[in-house]
Amino acid sequence: MDNKITILWRQRLMKLDIKEGTQQKFYSERLEREVRFYIFHKENIPIVILHDHEREILKDHDLHKLTKSDIINYLTKDL
């Protein structure tokens, strides 16, 4: 049986029209451009993976962490 957080998570993804495992786009104000990423869900934990073509972000560890945090904050804003 799903717990309340999982249900809220799925409702939020549905509201944003996001399907797990498919490429998504997020506009990053920090980078002033769209960032491509994938979202997965494992054992009630959301996993954000940036697209391989986001080399600029992937090379810079701090920027990588900040960008992923921005995406997670966007996805969980109303939870």
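Author: Start with Ser-28. Its relative accessibility is 1%, so Ser-28 counts as buried. The cut-off for buried is under 20%. Keep in mind that this is a predicted model.

Where does Ser-28 lie? It is part of strand 1. That strand covers residues 24-28 and has the highest mean pLDDT among the elements of the chain, 91. Helix 1, residues 4-15, has the lowest, 82. For the protein chain, the mean pLDDT is 85. A value of 70 or more is reached by 95% of the residues.

Now look at what Ser-28 touches. Setting aside residues up to four places away in sequence, Ser-28 meets Arg-33 and Val-35. Val-35 also leads on to another residue. Thr-67 touches Val-35, along with Leu-31, Leu-50 and Ile-57, again not counting residues up to four places away. Thr-67 sits in helix 3. Its relative accessible area is 0%, so Thr-67 is buried.

The structure holds one aromatic pair. Its partners are Phe-26 and Tyr-74, in a tilted arrangement.

Tyr-74 has 32%, so it counts as partly exposed. Tyr-74 has a further neighbour. The charged end of Arg-12 sits over the ring of Tyr-74, 5.9 Å from the ring centre.

The largest nonpolar core has 14 residues. Those with the most contacts inside it are Phe-37, Ile-39, Val-48, Leu-50, Ile-57, Ile-71 and Leu-75. At least two residues of this core come from each of helix 1, strand 2 (33-42), strand 3 (45-50) and helix 3. Why do such groups form? In soluble globular proteins, nonpolar side chains tend to be buried together.

Take Val-48 as one example. Neighbours within four places in sequence aside, Val-48 is in contact with Phe-37, Tyr-38, Ile-39, Lys-68, Ile-71, Ile-72 and Leu-75.

Conventions. Residues are numbered from 1 along each chain as its sequence is written. This is a predicted model: local features need pLDDT of at least 70, side-chain atom pairs count only at pLDDT 80 or more; totals for chains, interfaces and linings use all residues. Side-chain values use heavy atoms; hydrogens and water are left out. pLDDT is the predictor's confidence in each residue, from 0 to 100. Helices (H or I, at least four residues) and strands (E, at least two) are DSSP runs, numbered from the N terminus. Buried means under 20% relative accessible area, exposed over 50%, partly exposed in between (1.4 Å probe, protein chains only). Contact means heavy atoms within 4.5 Å. Rings of Phe, Tyr and Trp (its six-membered ring) pair if their centres lie within 6.5 Å; planes under 30 degrees apart count as stacked, over 60 as edge-to-face and the rest as tilted. A charge sits over a ring if NZ of Lys or CZ of Arg is within 6 Å of the ring centre and within 35 degrees of the ring normal. A nonpolar core is a set of buried Ala, Val, Leu, Ile, Met, Phe, Trp, Tyr and Cys residues joined through side-chain atoms within 4.5 Å.
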